[in-house]
Amino acid sequence: MLSFISIEFGLSFIAFFCLYWLLSTKPQLQNLLLLCTSYLIVYLSAKVQALIVLLIFTVFIYATSIQINHSSKPRLWLISGCMVTLLNLILWKYFDFFRTPISNSLDTFRLNTDWLAGVILPLGISYYSFQAIGYLVSLYQTRSSGQPVDKYFSLPGLALHLAFFPTITAGPIARAYDARGLTDISSKPCGMVMQIHVSKRRRILAPTVALCLIVMALMKNWWLSGWIADNWVDPVFANPMQYQSLEILAAIYGYTVQLFFNFSGYSDLMVAMGLLLGFRLPVNFRAPLLAHNIREFWLRWHISLSTWIRDYIYIPLGGSRHGTVRTQLNLLIAMALSGIWHGNGWHFLIWGLLHGAGMILLNLGDLLHSRLRHCTLEQARNGLSKSGKAGKIISIVLTVHFVCFCFVFFRAPTLNDALLLLHALLYNHINVPLSTNPFYFFSLLLLAWILYPLLAKFITLLYERAETLPRYSLILPLLLLLVLVLICAPAGIPGFIYANF
């Protein structure tokens, strides 16, 4: 698959960037160039099959959106559009379940089965399917409320929204219209309809911030994520029985940090490319490893997915409108479906269920606290973190450890592999020598965690004030950081973990 941090892509993007802004007086031509480029990237990354699936799907969603806007039965068209979208996603995402039965059936009739090996998950289908559902639901809600739709996608506009190359590979999941909790780098709403269908000239947005984001992305994704994976995570998860318990613990901690660097680095890069092209994309991560409970963790981690689950799974199930028991059940179902979305193994389902169970325990704890203290549920929330500095530190530590151990099921190839690693964690402290120095890695993680709040505040301040600094003041520091990345990064180009989902 085409890598967005390869030299080839970097040079191609510079040429594309120059041509794109030569067309700055005509946004429609810019959109056409963006669409053609996005389709080319889909073709180069996943061949013609993925492109055909995307084209057919786009036409179907556009036709459905027209019916929702003008038909006398918009609800029927909404349900039909969402069902077809989900069935299409399930068919492709879980085709491995059907591969063997289909092959056996074809063999029975002595038909060719070689083509089955070429059936692979189309690039970005999870992300553009979610974007399509969000668009259809928004149209239906607007029409049901009796409000006029100010803007909706034309067919080329919808095609660009679904295929936009900074979002199609691994998100963020952009919304057609503004959504609560989903904001850009400046904490402003960032619906795509108004950004794609513009009549005024676009302009490069916050170029200094974009350059900072690109260098930070390369540092996180190429250097730090790659170094942690190669030295501390991948060898242990590949063969946990030969490693000592402390080394396994280091791998468990390391994977959470690796995934954070990999995915947040990718998201930073996509936000930066969007800014350079005049688009405001949603921020996907806001210091999630500083969350003081699992509920807040999901307000900071993969924000575009967590808000989508809230709006299109949790709330339609009833949200918190039908009592405590129903609320907890809705949470569990929503998180279980989140786990299944990530993959078709039992380990993904367990990962989702664990997060759902964590939220339920948190909610029940808040409820118990409110009754013991005779206060409202809102006042009882986050009682530990509100109790003082020590309480906040303890709550963050507990949350991070819960997240880390849940990610064992996320990272392991199968459920048996996850259980084997946890077994080795518990029992490999006896008669298993250390082959590495986990205390060195623990020290680095502890130092990073202590500095993390300060670094998060510094980066936020830098983004806020970058455009007010002297124009060339950041060039030298960014160049030095880039050189450091080039020197320290492992050989090869790392992949994006979430592109597999």
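These legends describe close-up views of a predicted model.

**View 1. Three domains make up the assignment.** The domain assignment of the protein gives domain 1 as residues 7–197. Domain 2 is given in two pieces, 205–287 and 412–500. Domain 3 covers 294–381.

**View 2. Domain 1 meets domain 3.** The C-alpha centres of these two domains are 28 Å apart. On the domain 1 side, 17 residues are in contact, and on the domain 3 side 13 residues. The size of an interface is often given as the accessible area lost when the parts come together. Here domain 1 and domain 3 bury about 1,500 Å² between them. Carbon and sulfur atoms carry 58% of that area.

**View 3. A salt bridge joins R175 and D311.** Side chains of opposite charge can pair when their charged atoms come close. The closest N and O atoms of D311 and R175 are 3.0 Å apart. Between domain 1 and domain 3 the count is one salt bridge.

**View 4. Helices α3 and α5 pack together.** Two packed helices are described by the angle between their axes and the distance between the axes. Helix α3 spans residues 74–93, and helix α5 spans residues 125–144. Their axes come within 10 Å and cross at roughly 170°. The crossing angle therefore makes α3 roughly antiparallel to α5. Residues of α3 in the contact include P74, L78, C82, L86, L89 and W92. From α5 come I125, F130, I133, L136, V137 and Y140, among others. By class, the contact has 12 nonpolar, five polar and three charged residues. R75, K93 and R143 are also among the contact residues.

**View 5. Helix α6 crosses α5 at an oblique angle.** The axes of α5 and helix α6 (residues 155–163) come within 9 Å. They cross at roughly 135°, so the two helices are oblique to each other. The contact is made by Y128, Q131, A132 and Y135 of α5. L158, H161 and L162 take part from α6. How many of these residues are nonpolar, polar or charged? Five are nonpolar, two are polar and none is charged.

View 6. Helix α7 covers 165–168 and helix α8 covers 193–196. P172 sits in the loop between them. The peptide bond from G171 to P172 is cis, with omega near 5°. S187 is found in the loop between α7 and α8 too. Phi of S187 is near 65°, a positive value in a residue other than glycine.

**View 7. H302 has a positive phi.** The residue lies in the loop between α11 (294–300) and α12 (303–317). Phi of H302 is near 45°. As with S187, the positive value occurs in a residue other than glycine.

**View 8. D268 and K220 link two helices.** A search of the whole structure finds seven salt bridges. In one of them, the side chains of D268 and K220 meet, with 2.7 Å from N to O. D268 belongs to helix α10 (residues 245–276), and K220 to helix α9 (residues 207–238). The pair links distant parts of the chain, 48 residues apart.

How values were computed. Residues are numbered from 1 along each chain as its sequence is written. This is a predicted model: local features need pLDDT of at least 70, side-chain atom pairs count only at pLDDT 80 or more; totals for chains, interfaces and linings use all residues. Side-chain values use heavy atoms; hydrogens and water are left out. Axes are lines fitted to C-alpha atoms, for helices over the stretch in contact, and angles run from 0 to 180 degrees between N-to-C directions. Helices (H or I, at least four residues) and strands (E, at least two) are DSSP runs, numbered from the N terminus. Angles under 35 degrees count as roughly parallel, over 145 as roughly antiparallel, 65 to 115 as roughly perpendicular and the rest as oblique. Contact means heavy atoms within 4.5 Å. Ala, Val, Leu, Ile, Met, Phe, Trp, Tyr, Cys and Pro count as nonpolar, Asp, Glu, Lys and Arg as charged, and the others, Gly among them, as polar. Domain bounds come from an automatic or database domain assignment. Buried area is the accessible area (1.4 Å probe) that two parts lose on being put together, summed over both. A salt bridge is a side-chain nitrogen of Lys or Arg within 4 Å of a carboxyl oxygen of Asp or Glu.
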